[in-house]
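I opened this notebook to record what I looked up in the structure. The entries follow the order in which I consulted it.

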Amino acid sequence: MRKTPLARPRPARSALATTRLVAACMIALIPAPVHAQQLSPALLGQLAQQVDPAVLAGMASSVQQGSAGTAPIPLAMLSTSPAIGQAGTPQVDPAIPAMAAPAQALPSAEAAANLTTPVFGARLFGGNFARGGTARFNPDYVIGAGDRVVLRLWGAFQFAQVQAVDPQGNVFVPNIGPIHLAGTRNGDLQRVVTGAVGGTFRSNVYAYTSLAEAQPVRVFVGGFVRRPGLYDGTSMDSLLHYLDAAGGIDPDRGTFIDVEVKRGEAVRAHVNLYQFLFRGVMPPVPLADGDVIFVGPRQQTVTVLGLASNANVFEFPRSAHPTTADVMLLAAPLPAATHVRLTRMTGPIRNVDYRPLSEAGALPVQNGDSLEFTADKKAGTITVRIEGEHESAQEYVLPYGARLGDLLRQVRFSERSDADSIQLFRQSVRDRQKAMLQASLHSLEQAALTARSGTNEESQLRRNEADLILQWIDRARKVDPIGQVVLGEGDARAGLLLENGDVLRVPTRDGLVLVSGEVLFPNAVAWQAGLSASGYVDSAGGFTQRSAARRIVIAHANGRFEDVPATSHAVRSGDELLVLPRIDTKSRQIWKDMTQILYQIAVSARVVLGL
């Protein structure tokens with residue numbers, strides 16, 4: 001029996017070669033400014049932590065293929081391959097491999113800056129166009145000299161080759177002759193070649209053609225761009241690709257509405273990028289080797305602020321005389337906007353014009369003006385919500401300027417409603433209570449940190465005391481006030497103006513008194529006529545060791561507060577007793593500040609925050 005020789009194993013790549021390959025891939029991914037530095041091992045190690053492993057592996061695979069002499073041939077499309085004179089079916093040429101996906105570049109500082117600038121159009125150059133490859137089918141691309149075309153004939157006549165379009169615009173096929181392709185749209189390439197082949201072979205010959213790769217070109221990008229220079233690409237790449245590769249148009253100096261494409265002294269095209277941004281129109285401009293993309297100086301600009309969908313800096317031609325109506329078409333004011341403020345700087349003088357949108361359309365706008373769209377509206381109605389024990393609707397819409405008495409006349413109370421202890425909660429009061437509490441805590445923090453000491457022992461004591469106070473301040477900053485408004489009696493309560501978003505709560509006659517703070521068992525105690533404050537505290541287990549036995553605050557249901565002694569009989573049904581903690585500190589000023597803050601927290605949040 002004849003033995004089949006085993007295939008010789010492929011020699012493994014040496015460790016040194018692998019290291020060089022990885023280093024080469026990393027250097028290819030390094031941003032341009034880093035190349036100016038000396039690539040020490042420490043710098044390479046730091047950069048390696050920022051490189052995506054998948055991107056590095058893809059680049060290493062591409063380098064390995066290139067070193068073996070099998071660089072992939074790009075394929076722009078899969079086309080139908082009909083037989084001459086017969087209906088065609090989709091065919092794929094297996095001899096032509098697909099182009100490998102290009103490695104993504106690391107985001108540059110220019111791209112990040114373009115994404116944050118207020119200049120309209122700068123967001124185009126965030127790096128996406130520069131990373132775009134050419135392995136795509138563009139039916140509107142016009143084939144020119146130097147483009148590589150895949151030609152494949154089979155059947156009665158066999159032919160397969162990738163040819164470049166010669167300077168005369170032709171490709172040559174044996175037995176057929178030259179086929180003129182220059183000026184042909186990519187979408188019409190299959191039809192043109194099929195027609196030329198059909199003129200020689202009437203049947204039994206099948207044709208397939210596609211654009212393998214566009215002509216490689218080097219294009220100059222100059223003018224007011226971030227990085228002027230010479231950039232590699234193909235004739236199929238758009239103008240945006242080269243501008244993005246150059247870091248984008250300089251938003252402070254360059255124009256977005258008149259980008260020139262030059263060939264020698266002649267200007268081949270003027271491109272207005274606003275047409276692409278607003279209408280999605282980008283003129284096809286095939287680029288040749290040595291063409292110049294030139295960005296001229298910025299023209300007239302108008303800044304849009306405020307209530308607009310596109311609050312950006314817009315550009316207008318120098319010869320134009322725009323009005324506010326023209327700016328509004330670009331800025332798209334929001335429905336909430338009612339007025340526009342036009343600000344114009346004339347030398348050192350600042351002039352302002354403020355008008356309704358209905359009257360501002362014809363105002364002329366000049367270079368450097370600023371338009372701010374605002375909402376100048378008067379409140380017509382307010383919304384007030386009613387919670388708790390009642391038999392009315394939960395929400396009322398009242399005219400602006402309505403008073404509490406107007407609302408209470410519409411509320412139907414039940415037998416369990418405590419109409420004399422109605423509570424009102426307001427967001428604006430809550431915000432003010434929060435601001436006052438934060439200011440008091442800041443003053444207490446400064447006093448604790450700046451307290452003086454006479455001896456080392458006292459200094460250590462002050463330090464330990466300050467640490468405890470700072471911990472308590474951190475807890476106090478998390479306290480959220482409830483924003484309750486203290487309601488008066490009779491006409492004072494009925495005449496209180498209501499605000500939008502007010503919440504009215506009707507308590508229930510439950511006959512309970514809440515006892516909280518420095519007591520052993522905080523709880524709800526049944527109200528008893530004639531029982532003193534200390535009696536309710538005794539019902540909750542009595543005072544704790546940290547309590548100030550003479551510091552009791554009664555929070556009445558209607559929002560009023562009283563600082564009462566333990567023997568007081570002012571407790572009513574529905575009240576809450578707050579027993580404050582005792583403050584043991586060596587500084588008289590700090591003691592006064594903490595006492596004030598304890599009362600402030602108890603009043604604004606109905607919380608006793610122990611030390």
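**Entry 1: confidence**

Over residues 1–41, under what value does pLDDT stay, and how many contacts beyond four places in sequence does the model have there? I found that pLDDT (the predictor's confidence in each residue, from 0 to 100) stays under 50 over this stretch, with 33 such contacts in the model; contact means heavy atoms within 4.5 Å. I noted that residues 43–106 also stay under 50, and that the model has 107 contacts beyond four places in sequence for them. Where pLDDT is low, the predicted coordinates should not be read in detail. For the protein I recorded a mean pLDDT of 79, with 79% of residues at 70 or more.

This is a predicted model, in which local features need pLDDT of at least 70 and side-chain atom pairs count only at pLDDT 80 or more, while totals for chains, interfaces and linings use all residues. Residues are numbered from 1 along each chain as its sequence is written, and side-chain values use heavy atoms, with hydrogens and water left out.

**Entry 2: overall content**

I counted 16 helices and 25 strands; these are DSSP runs numbered from the N terminus, helices being H or I of at least four residues and strands E of at least two. Of the 611 residues, 41% are buried, that is, under 20% relative accessible area with a 1.4 Å probe and protein chains only. Among contacts between residues at least 6 apart in sequence, 63% join residues at least 24 apart.

**Entry 3: a sheet and its helix**

I looked up an open sheet of three strands, with order 2-1-5 and antiparallel pairing; two strands pair if DSSP finds at least two bridges between them. Strand 2 (159–164) and strand 5 (205–213) are its edges, each pairing on one side only. From one strand to the next the twist averages 15°. Six bridges link strand 1 (residues 148–155) with strand 2, and Leu151 has Gln161 of strand 2 as its bridge partner.

Helix 7 (residues 189–198) packs on this sheet, touching strands 1 and 5, and its direction makes about 140° with that of strand 5. Angles run from 0 to 180 degrees between N-to-C directions, with axes fitted to C-alpha atoms, for helices over the stretch in contact. Gln190 belongs to helix 7 and is buried at 11% relative accessible area. A polar atom of the Gln190 side chain lies 3.1 Å from the backbone nitrogen of Thr209.

**Entry 4: a hairpin**

Strand 8 (residues 254–263) and strand 9 (residues 266–271) run antiparallel and are joined by five bridges. Val261 has Ala269 in strand 9 as its bridge partner. Two residues lie between the strands of this hairpin, and Gly264 takes a positive phi near 75°.

**Entry 5: cores**

Which residues touch the most other members of the largest nonpolar core? I found Leu243, Leu273 and Ile293, in a core of 47 residues. Such a core is a set of buried Ala, Val, Leu, Ile, Met, Phe, Trp, Tyr and Cys residues joined through side-chain atoms within 4.5 Å. Helix 8 (residues 239–245) gives the largest share, five residues. Beyond four places in sequence, Ile293 touches residues including Val219, Phe220, Leu243 and Leu287. A second, separate core has 21 residues, among them Leu153, Phe157, Ile179 and Val205.

**Entry 6: Leu437**

Leu437 sits in helix 12 (residues 427–449) and is buried at 0% relative accessibility. Beyond four places in sequence, Leu437 contacts Ala476, Val479, Ile597, Gln600 and Ile601.

Note on methods
Buried < 20%, exposed > 50% of the residue type's maximum accessible area, 1.4 Å probe, protein only. Polar contact = N/O pair within 3.5 Å; in protein donor to acceptor, adjacent residues only side chain to side chain.
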